[in-house]
Amino acid sequence: MRARGIAMAAAIAVAGMVSAASAECAAPQDRAAVSAALLERVNSARAAAGLAPLELSDRLSQAAQAHACDMARRGFMGHEGSDGSDFMARIVRQDFRPCHGAENVARGQRGVAAVMDAWMGSPPHRRNLLRSRFDAIGLGIGFADESGGRPHWVIKLADRC
């Protein structure tokens, strides 16, 4: 019941996004609820696979949020940043030193359930979520006028060296 309430709050938060100026990126009004719901869904999937939960990392979340906003402002979805960076460079830029890392991105899903269904239905994204070596996660979601107000989702997964 609690998970359903968190997922409902996250869907409402995503639907009630903050409007953004042309060159700006907005996060959901209740980013904390969306992040909590996404983390809960990721860790539930990991528990079902017999894996340890991931710990939310502020540094990985900063990297994820920056890339979500970069994608939203540019109206695209991909793993290369506007500055040519790859996902690992963006992780290290936030002073997180991983041994291994991965990034899942998505665009357009209007809620946590939809983005998790998309990632779990994609073999490479599912592998990232269920990789046993990872112990940390960062979450980002951004909206911008350039992307028609569609949400851009990013998760960073890593292990600490």
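# Close-up views of a predicted structure

**View 1. Surroundings of His125.** Beyond the residues within four places of it in sequence, His125 makes contact with Asn104, Val105 and Trp119. The model shown in this and every other view is a predicted one. His125 belongs to helix H6, which covers residues 123–129. One of its partners, Val105, stands 20 residues away along the chain, and the C-alpha atoms of His125 and Val105 are 8.7 Å apart. Another partner of His125, Trp119, is listed among the residues with the most contacts inside the largest nonpolar core.

**View 2. The whole chain, for orientation.** The protein contains six helices and four strands. Followed along the sequence, these elements give the pattern α-α-β-α-α-β-α-α-β-β. Of its 161 residues, 47% are classed as buried. When contacts between residues at least 6 apart in sequence are considered, 71% of them join residues at least 24 apart.

**View 3. The disulfide of Cys25 and Cys69.** The protein has two disulfides in total, and this view presents the one formed by Cys25 and Cys69, whose sulfur atoms are 2.1 Å apart. The link is left-handed, with a value of -70 degrees about the S-S bond. Cys25 sits in the loop between helix H1 (2–15) and helix H2 (31–48), while Cys69 sits in helix H3 (residues 58–74), so the bond ties together parts of the chain that are 44 residues apart in sequence. Is Cys69 buried or exposed? Cys69 is buried, because its relative accessible area of 11% falls under the 20% limit.

**View 4. The disulfide of Cys99 and Cys161.** Here the sulfur atoms of Cys99 and Cys161 lie 1.9 Å apart and form a disulfide. The pair joins distant parts of the chain, with Cys99 in strand E2 (residues 98–107) and Cys161 in the segment after strand E4 (152–160), 62 residues apart. Cys99 is partly exposed, with a relative accessible area of 38%. Cys161 counts as exposed, because its relative accessibility of 65% is over 50%. If the bonded cysteines of the protein are numbered in sequence order, the pairing reads 1-2, 3-4.

**View 5. The largest nonpolar core.** This core has 24 residues, and those with the most contacts inside it are Leu38, Met116, Trp119, Ile137, Trp153 and Ile155. At least two residues come from each of H2, E2, helix H5 (112–120), E3 and E4. Which element gives the most to this core? The answer is H2, with six residues. Another core lies apart from the largest one and has six residues, including Ala64, Ala68, Met71 and Val154. In soluble globular proteins, nonpolar side chains tend to be buried together.

View 6. Val115 is located in helix H5. Val115 counts as buried, because its relative accessibility is 0%, under the 20% limit. Leaving out residues up to four places away in sequence, Val115 touches Leu38, Ala106, Gln109 and Trp153. Two of these partners, Leu38 and Trp153, are named among the residues with the most contacts inside the largest nonpolar core. The C-alpha atoms of Val115 and Val154 are separated by 10.0 Å, although the two residues are 39 residues apart along the chain. Val154 is one of the residues of the six-residue core.

**View 7. The largest cavity.** The protein has one cavity of 30 Å³ or more, and the largest cavity holds about 40 Å³ of space. Its lining is made up of Arg31, Val34, Ser35, Leu38, Leu139, Gly140, Ile141 and Trp153. H2 and strand E3 (136–142) each contribute at least two residues to this lining, and the largest share, four residues, comes from H2.

**View 8. The backbone at Asp95.** Most residues other than glycine have a negative phi. Asp95 is partly exposed, with a relative accessible area of 42%.

Methods:
Residues numbered from 1 in each chain as written. Predicted model: local features only at pLDDT ≥ 70, side-chain atom pairs only at ≥ 80, totals over all residues. Heavy atoms only, no water. Contact = heavy atoms within 4.5 Å. Disulfide = S-S within 2.5 Å. Buried < 20%, exposed > 50% of the residue type's maximum accessible area, 1.4 Å probe, protein only. 1 Å grid on protein atoms, 1.4 Å probe; cavity = no way out; pocket = protein on both sides within 12 Å on 5 of 7 lines; lining within 4 Å. Points joined across faces, edges and corners; volume = space filled by probe spheres on them. Core = buried A, V, L, I, M, F, W, Y, C linked by side-chain atoms within 4.5 Å.
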